[in-house]
Amino acid sequence: MTSISATQARRIAIRSQLLDGDRPPSSPNAVHDVAKRLRCIQIDPINVVARTQLLVLWSRLSDLDVRHLDVLMWERKELFHYWAHAASLVVTDDYPLHKMRMRRFRDPATLWAGRYEEWLERNSDLRRRILGELRRRGPLRSRDIEGIPADAWTSSGWTSGQTVTRMLDLMWTRGEIMISGRDGRQRIWDLAERWFPGWTPKRALTRRQGYDRAAEIAFSCLGVATPRQVNAHFVRDGQPDLKGTVARLERKKAIAPIEVRNGATRVPGNWYIHRTAVPLLDEISDDSWRPRTTLLSPFDNLIADRKRTLALWDFDYKIEIYVPKAKRKYGYYSLPILNGDTLIGRIDAAADRKARVFRVLSVHAETGAPEGAGIEIGVTIQDLARFTGAGEISWPRDLPRPWARDLRSVEGG
């Protein structure tokens, strides 16, 4: 069995995620290239620094223009909103794969669908009325549909009482309707049959074809991975026969087993390398490696799997949004610092858009972080501040000693 070092594994993962070398300039086509490489970009409403989908693109494209993403979503329709390993922007070319999940959500025999089937039956009139209103009136916001009598949705969570919103979400996961735009924070809904462009691939996949294709995409996006990591990525928990899927991909030579070693120690797990990552072994040597320093969204695909992040980078990352303020160690919305092939620290930041100030609330360096990284980190923070529209950077009193002078020498956005 071939062995690679943990450094090689990290570099393959980083190259596979477009996080090394110079960032290409932003354009609709460049955004599409990133999306095609990543296959899913998680979305999240938190806007402390910037929406996570924008942070993911900013880390990979220079001079990001958010209008380029809008062109791709709402005009060219090359991306659409759906579930991957979380609520995400996914590639329209992958519609047949996502259609499989839509069918599962319509099947009352599945665990997820079965939980809601009775409520859906009781509110079949609400569902029919929503479809009828969309068909008659065109795309609508949820508040445009309020007032239709329904059996209230109840739960122990934050969705309790949000009957129309919950119905829209269920119809979305079942593939009946799609998000066709936004009005501020309000989603605009339309019939799926009307929203998807005519060129959308519609060829139905067998279950085995779908499972194998989804797993191969995940292996390709990750570069090197274990089966558990693949099952947590792209189409999370979408592999009921993961062992069989991996065996079939290995027989097709789409993947090959490898051993990942950290010095004399073997990194635990059954690791595989995707066939497209094999040539990268010649491109990531010390002579040809082109490192980049950037900040990562807490939901970036490189680090979304926290167990994988710990195994490959020895970086224990947890977003502390839901941690009480007094118990937070790194801050509400800390962004990991990627420096070449190493995660060397994190910053907690907030964009004060009204004052046009990018507030760096704290900076933390990992043990053994390079002392000379301060300028690169500072320039990266400056670039992110500029992207958020800030004209000034506010620094905290305490900064890691090796980086403090260089960071404070960096001026505003």
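I began with the largest cavity, and its volume is about 90 Å³. A cavity here is a set of points on a 1 Å grid over the protein atoms alone where a 1.4 Å probe fits but cannot get out. Its volume is the space filled by probe spheres set on the points, with grid points joined across faces, edges and corners.

Before going on, I noted that this is a predicted model, where local features need pLDDT of at least 70, side-chain atom pairs count only at pLDDT 80 or more, and totals for chains, interfaces and linings use all residues. Residues are numbered from 1 along each chain as its sequence is written, and side-chain values use heavy atoms, with hydrogens and water left out.

**Entry 1: the largest cavity.** I looked up its lining, meaning residues with an atom within 4 Å of a point. Among them are Leu-97, Met-100, Arg-101 and Arg-104, along with Tyr-211 and Gln-239. Helices α5 (95–106) and α10 (207–222) each give at least two lining residues; the largest share, four residues, comes from α5. Helices are DSSP runs (H or I, at least four residues), and strands are too (E, at least two), numbered from the N terminus. By class I found five nonpolar, three polar and two charged residues. Ala, Val, Leu, Ile, Met, Phe, Trp, Tyr, Cys and Pro count as nonpolar, Asp, Glu, Lys and Arg as charged, and the others, Gly among them, as polar.

**Entry 2: the second largest cavity.** I counted two cavities of 30 Å³ or more. I found Leu-222, Gln-229, His-233, Asn-301, Leu-302, Asp-305 and Arg-308 lining it. They divide into two nonpolar, three polar and two charged.

**Entry 3: the largest pocket.** A pocket is an open set with protein on both sides within 12 Å along at least five of seven lines. The largest pocket has a volume of about 1,400 Å³. Of its 42 lining residues, Ile-43, Pro-45, Ala-87, Arg-182 and Arg-187 lie nearest its centre. I traced the largest share, six residues, to helix α8 (residues 163–173). The lining has 20 nonpolar, ten polar and twelve charged residues.

**Entry 4: Asn-47.** I found Asn-47 in the loop between β2 (40–42) and α3 (52–58). Its relative accessibility is 32%, so Asn-47 counts as partly exposed (buried is under 20% relative accessible area, exposed over 50%, partly exposed in between, with a 1.4 Å probe and protein chains only). The Asn-47 side chain reaches the backbone nitrogen of Arg-51 at 3.2 Å.

Key:
A polar contact is a pair of N or O atoms within 3.5 Å; within protein, one must be able to donate a hydrogen and the other to accept it, and residues adjacent in sequence count only if both atoms are side-chain atoms.
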